[in-house]
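Notebook open, structure viewer running.

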Amino acid sequence: MIAYVFPTRDRPEEVRRTLFAIERLGSHAGIGGAEVVIADNASAIALDVPGALRNGVPVRVLERETNEAAAARNACVRAASERVEWIVMLDDDSAPLDTGFIDALQAAAPDVAAVQAEILLPRPEARTAGGAGGPLLEAERHEVGGLPEVFIGCGVAIRRRVFEELGGYDAAFDYYAEEYDLAARMIGAGYRIGYDPRFRVLHRKVAANRDFGRIVRRLVRNNAWVQARYAPASNVAGDVWETLTRYARIAAKERALGGYVAGVGDLVATLADQRRTPLRREQYDRLTGLAHAREAVDRALGEREFGRAAVVSPGKNVRHVVRALGERGVACAVVRSGAEEVAERADVIVIGTLSPGPMLDGAAEARMRYPAKRIILPWTGAAVRAAARGVAA
């Protein structure tokens, strides 16, 4: 049995769309049933939902007295039926596109604590099903964020026993990077985090109640908290600095420098309070994606040697992609806009991000831009999906 779980606050229309999308998935009898548990984070707008969907899936709403943010999911898990084995974590504006994820969960190895979804974003002009307010049907891009073993909260299934064993989400994070913290604890406890392209989620990513200044503020503080808690001692200073410089660039681009400065202030005030439970080196390299990049480079070199690589579509943890190539003696150059001639001279094209969605988008773009070139993905977890799209892995 599974439980669909998500928090919400003052977005009743989005909740209705998400419930409609779950309803369209049909019967869940083959897996022992399903339920929906919603945490209403002290909304000012009344949330009126049916007690059961037309496909027979019951719906419960937990009224929270305060805004518990992402950690409200913890209450949902506690309230779920004792028969629930997998928790399908969503946002109030995301839902599975089909039931392919059920096969993915049934196939998951015992040491897999969580299964990441392929998370898609809708086209601006996307059609809706069921008339106005129905779920969007068309998608073209992927959600940003995440790493090979770090899931995104709007599309992941987590084993209920593991979630409870590890204490769920840390409420101190509010929103953003709480998944990194939980993923680190999963890896530290000896579990793996998988990715399965049969699990497809559409994230409508509604702008309501999204303040980018506040988002940057939390991203700065929370990502640095994860590094302060789990990085080996020799990594902490460098990784925290990389977080600060990365979000400084993002904040400048998005005109959210006020939120960035506030986030740095929050970090300075709280960094010393973070309890150190560092991962072993090999575990931390899995968390950051470096271990996966090394594996992908070794696999590619084993299939056919190459000496020069052009790293395109640079993004999340591109430095680890470059490092993995350099460790194997491959000369590489990071190609940014206006430097396409560098890619033309390279032996291979390597996608320069360890975030699964942007990696797939980058691979599709590279295939069109450099049709004669060999394209290499920097981690193998998404290779199945990329290969299905005709991208050489």
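**Ground rules.** I am working from a predicted model, where local features need pLDDT of at least 70, side-chain atom pairs count only at pLDDT 80 or more, and totals for chains, interfaces and linings use all residues. Residues are numbered from 1 along each chain as its sequence is written, and side-chain values use heavy atoms, with hydrogens and water left out.

**Strand 8.** I started at residues 155–159, which make up strand 8. Helices (H or I, at least four residues) and strands (E, at least two) are DSSP runs, numbered from the N terminus. Five of the five residues here are buried, so strand 8 is largely enclosed by the rest of the structure. My cut-offs are under 20% relative accessible area for buried, over 50% for exposed and partly exposed in between (1.4 Å probe, protein chains only). I checked both faces: Gly155, Ala157 and Arg159 are buried on one side, Val156 and Ile158 on the other.

Next, the partners; two strands pair if DSSP finds at least two bridges between them. Strand 4 (residues 86–90) runs antiparallel to strand 8 with five bridges, and Val88 has Ala157 as its bridge partner. Strand 6 is also antiparallel to strand 8, through three bridges, and there Val115 stands opposite Ala157.

**Strand 9.** Nine of the 12 residues in strand 9 (residues 192–203) are buried. Strand 6 (residues 112–122) pairs with strand 9 in the parallel sense over seven bridges, with Ile119 opposite Val201. Strand 5 (residues 94–96) is antiparallel to strand 9 and joined by three bridges; Pro96 has Val201 as its bridge partner.

**Cores.** I then looked for nonpolar cores, meaning sets of buried Ala, Val, Leu, Ile, Met, Phe, Trp, Tyr and Cys residues joined through side-chain atoms within 4.5 Å. The largest has 86 residues, and Met89, Phe151, Ile158, Met186, Leu287 and Leu325 touch the most other members. Its largest share, eight residues, comes from helix 6 (residues 212–230). Apart from that core lies another of 31 residues, including Leu25 and Val201.

**Helices 6 and 7.** How do the axes of helix 6 and helix 7 cross? They come within 9 Å and cross at roughly 170°. Axes are lines fitted to C-alpha atoms, for helices over the stretch in contact, and angles run from 0 to 180 degrees between N-to-C directions. The two helices are therefore roughly antiparallel, the label for angles over 145 degrees.

I also looked up Asp239, which lies in helix 7 (residues 236–253). Is Asp239 buried or exposed? At 9% relative accessibility, Asp239 counts as buried. Beyond neighbours within four places in sequence, Asp239 contacts Gln227, Ala231, Tyr284 and Arg319, contact meaning heavy atoms within 4.5 Å.

Last stop: an open sheet of four strands in the order 11-10-12-13, with parallel pairing. Strand 11 (331–334) and strand 13 (374–376) are the edge strands, each pairing on one side only. Neighbouring strands are turned by 30° against each other on average, direction ignored. Helix 11 (residues 318–327) packs on the sheet, touching strand 10, strand 11 and strand 12, and its direction makes about 175° with that of strand 10. Strand 10 (residues 308–312) and strand 12 (residues 348–351) share four bridges, and Val311 stands opposite Val350.

Note on methods: Angles under 35 degrees count as roughly parallel, over 145 as roughly antiparallel, 65 to 115 as roughly perpendicular and the rest as oblique.
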